[in-house]
Amino acid sequence: MNNPSDLDRFDQAILTTLAEDGRISITDLAKRIGLSKSPTQARLRRLEENGVILGYRAMLNPIRLGLDHVAFVEVRLNDTREAALHAFNEAVRRVPQIEQAHMIAGNFDYLLKVRTRDMASYRLFLGDTISMLPHVASTSTYTAMEAVKEVMLAERVQQGVT
């Protein structure tokens, strides 16, 4: 199932419903999409096995948890050979404050989204963690003043946009 067109209307309905309520029971899910329990369960299992559904988790509000400082960090590496990229990627995956990391084609190598408590904790994090990641040559930080739009994939599925 590598193509979104492989998903029929029942599969789409399952994804939309789970995006709204990931804790819904199989019985209620089946009722909502208009299938019986067994085929719904089989479809759900297939979506999980094919990697369309990666897992189920609670959506936490970072602001309520005191993590309201967001910074975007451009990172330039001093080595962009495959081994260096691999080492950087592996190190980034182990850092919980880095919410997103993207390799970029442009004037820098990576763009990181970092969430911390405040500017002081970010400055410590920058010096103690980001600057110590493998092959980091330089960084530039952009601090977010306000989140104007943050859409999770579940919301895009609900809106019919993937």
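Modeller: The discussion below concerns a predicted model, and it takes up helix packing and then a pocket.

Colleague: Why are α1 and α2 called oblique to each other?

Modeller: Helix α1 covers residues 9-20 and helix α2 covers residues 26-33, and their axes cross at roughly 125 degrees. Angles from 65 to 115 degrees count as roughly perpendicular and those over 145 as roughly antiparallel, while the rest, apart from those under 35, count as oblique. The pair α1 and α2 is therefore oblique. The axes come within 10 Å, and α1 passes α2 in a right-handed crossing.

Colleague: Which residues make the contact of α1 with α2?

Modeller: From α1 there are F10, A13, I14, T17 and E20, which meet L29, R32 and I33 of α2. Sorted by class, this contact has five nonpolar, one polar and two charged residues.

Colleague: What makes α2 roughly perpendicular to α3?

Modeller: Helix α3 is formed by residues 37-49, and α2 packs with α3 at an angle of about 100 degrees. The range for roughly perpendicular is 65 to 115 degrees, so α2 and α3 are given that name. Their axes are 9 Å apart. On the α2 side the contact involves I26, T27, L29, A30 and I33, and on the α3 side K37, T40, Q41 and L44. Five of these residues are nonpolar, three are polar and one is charged.

Colleague: How do you know that α1 and α3 are roughly perpendicular?

Modeller: The axes of α1 and α3 cross at roughly 80 degrees. This value also has to be set against the range of 65 to 115 degrees, and the conclusion is therefore that α1 and α3 are roughly perpendicular. Their axes come within 10 Å. In α1, the residues F10, D11, I14, L15 and L18 meet T40, R43, L44, R46 and L47 of α3. The class count for this contact is six nonpolar, one polar and three charged residues.

Colleague: What lines the second largest pocket?

Modeller: This pocket has a volume of about 320 Å³, and its lining consists of 18 residues. Nearest its centre lie V70, K113, A144, A147 and E150. The lining has nine nonpolar, three polar and six charged residues.

Colleague: Which strand supplies the largest share of that lining?

Modeller: The strands β1 (69-77), β2 (98-103) and β3 (110-116) each supply at least two residues of the lining. The largest share, four residues, comes from β3.

Key. Residues are numbered from 1 along each chain as its sequence is written. This is a predicted model: local features need pLDDT of at least 70, side-chain atom pairs count only at pLDDT 80 or more; totals for chains, interfaces and linings use all residues. Side-chain values use heavy atoms; hydrogens and water are left out. Axes are lines fitted to C-alpha atoms, for helices over the stretch in contact, and angles run from 0 to 180 degrees between N-to-C directions. A crossing is left-handed if the near helix is turned anticlockwise from the far one by less than a right angle, and right-handed if clockwise. Contact means heavy atoms within 4.5 Å. Ala, Val, Leu, Ile, Met, Phe, Trp, Tyr, Cys and Pro count as nonpolar, Asp, Glu, Lys and Arg as charged, and the others, Gly among them, as polar. On a 1 Å grid over the protein atoms alone, a cavity is a set of points where a 1.4 Å probe fits but cannot get out, and a pocket is an open set with protein on both sides within 12 Å along at least five of seven lines; lining residues have an atom within 4 Å of a point. Grid points are joined across faces, edges and corners, and a volume is the space filled by probe spheres set on the points.
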